[in-house]
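Good morning, and thank you for coming. I shall walk you through one structure, and I ask you to keep its sequence and its three-dimensional view before you.

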Amino acid sequence: MVASAAASFATPFKCSPLISQAFSGSTRSLQWRSNEKRNVRKAHKGVIKAKIDHRPPPYSLDDLEPHMSRETFEYHWGKHHRAYVDNLNKQIVGTELDTKMLEEIILLTYNKGDVLPPFNNAAQVWNHEFFWESMKPGGGGEPSGELLKLINRDFGSFEAFVSEFKAAAATQFGSGWAWLVYKANRLDVGNSVNPCPSDEDKKLVVVKSPNAVNPLVWDYFPLLTIDVWEHAYYLDFQNRRPDYISTFMEKLVSWDAVSSRLEAAQTLVAEREKEEERIKTEYEDEQDLELREMYLSDEDEPEAD
């Protein structure tokens, strides 16, 4: 269970995640995954309910060998990931959450940092699916295109980014995750304070999170993650977490997936800004109309004798 109290960690990174109880506004579902429809089950009275699936990685369990063994996948995906899925489905059945998509469950149960029981299982299901999709056979190397351009802009160089990402993963105390995210929010987050308030918006940042917490609760767009729970690497690397992290970055990362996520995030941010501008314009037009009506109403009133 994630502690409800806010905590900051002294790190060498440009920003460190602060788990906060501050709250303002409503939460936002991660719409760029909404096109991936999950299985649904029909309950009594025709109510359609979501069923969270134990989805396999987008490759065979031995495709990442020798860098990540089939034995690790059978243990990590086959047991840990499956347990999160099974427990979550048990927790949400018959509740209002049973009709929600996975991202919505995460945001609703984060509860300003004082997490509700389904949060850990929901977030871990999402985190693991995202982690599997962050890797590919023959991965590693360097990205290209817009992604590399932003990495060079925001970190100074690809090498500097790799160093910062590795440090975040290596220094996450206990269990948790390290992330590359696209920070696009305006400091006003639905259920948690922006952990990087001093940084500019529309940029890439590295953050880390404890236990099951992920950047969705900060209104960030996750692009890449590494699982640093011990069960993610112990069978292959024992207690050598830095070796596991280096292997992940050099041999496993799918930069194609990261680039696609960045493109989707930028598209959604542009759509969100366009919608916000439309709402602002409509509001200003309504205010102008009310002022004009008020002015005309005052002109129509007869002068007092």
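I begin with a term: a nonpolar core is a set of buried Ala, Val, Leu, Ile, Met, Phe, Trp, Tyr and Cys residues joined through side-chain atoms within 4.5 Å. Buried means under 20% relative accessible area, exposed over 50%, and partly exposed in between, with a 1.4 Å probe and protein chains only.

Please note that this is a predicted model, in which local features need pLDDT of at least 70 and side-chain atom pairs count only at pLDDT 80 or more, while totals for chains, interfaces and linings use all residues. Residues are numbered from 1 along each chain as its sequence is written, and side-chain values use heavy atoms, with hydrogens and water left out.

First, the overall picture. The protein chain has 8 helices and 5 strands; helices (H or I, at least four residues) and strands (E, at least two) are DSSP runs, numbered from the N terminus. Along the sequence they follow the pattern β-β-α-α-α-α-α-β-β-β-α-α-α. Of the 305 residues in the protein chain, 47% are buried. Contact means heavy atoms within 4.5 Å. Among contacts between residues at least 6 apart in sequence, 75% join residues at least 24 apart.

I turn to the core. The largest nonpolar core holds 76 residues, and Met135, Phe161, Phe165, Leu180, Leu204, Ile226 and Phe248 touch the most other members. Helix α3, residues 118–133, gives the most to this core, with 8 residues. Which residues does Phe248 touch, not counting those up to four places away in sequence? They are Phe131, Met135, Phe165, Leu224, Thr225, Ile226 and Val253.

Helix α3 also meets helix α1, residues 70–92: their axes come within 8 Å and cross at roughly 140°. Axes here are lines fitted to C-alpha atoms, for helices over the stretch in contact, and angles run from 0 to 180 degrees between N-to-C directions. Angles under 35 degrees count as roughly parallel, over 145 as roughly antiparallel, 65 to 115 as roughly perpendicular and the rest as oblique. Helix α1 is therefore oblique to α3. Residues in the contact include Trp77 and Tyr84 of α1, and His128 and Phe131 of α3.

Next, the sheet. Three strands form an open sheet in the order β4-β3-β5, with antiparallel pairing; two strands pair if DSSP finds at least two bridges between them. The edge strands, β4 (203–210) and β5 (221–227), each pair on one side only. Neighbouring strands are turned by 20° against each other on average, direction ignored.

Strand β3, residues 176–183, pairs with β4 over 8 bridges and with β5 over 6 bridges. Opposite Tyr182 stands Leu204 in β4, while Trp177 stands opposite Asp227 in β5. In a regular strand the side chains alternate between the two faces of the sheet. Are the faces of β3 covered or open? Both are covered, with Gly176, Ala178, Leu180 and Tyr182 buried on one side and Trp177, Trp179, Val181 and Lys183 buried on the other.

Finally, consider Trp255, found in helix α8, residues 255–300. Why is Trp255 classed as buried? The reason is that its relative accessible area is 5%. The C-alpha atoms of Trp255 and Gly139 are 7.5 Å apart, although 116 residues separate the two along the chain. Contacts of Trp255 include Gly140, Pro143, Phe161 and Leu224.
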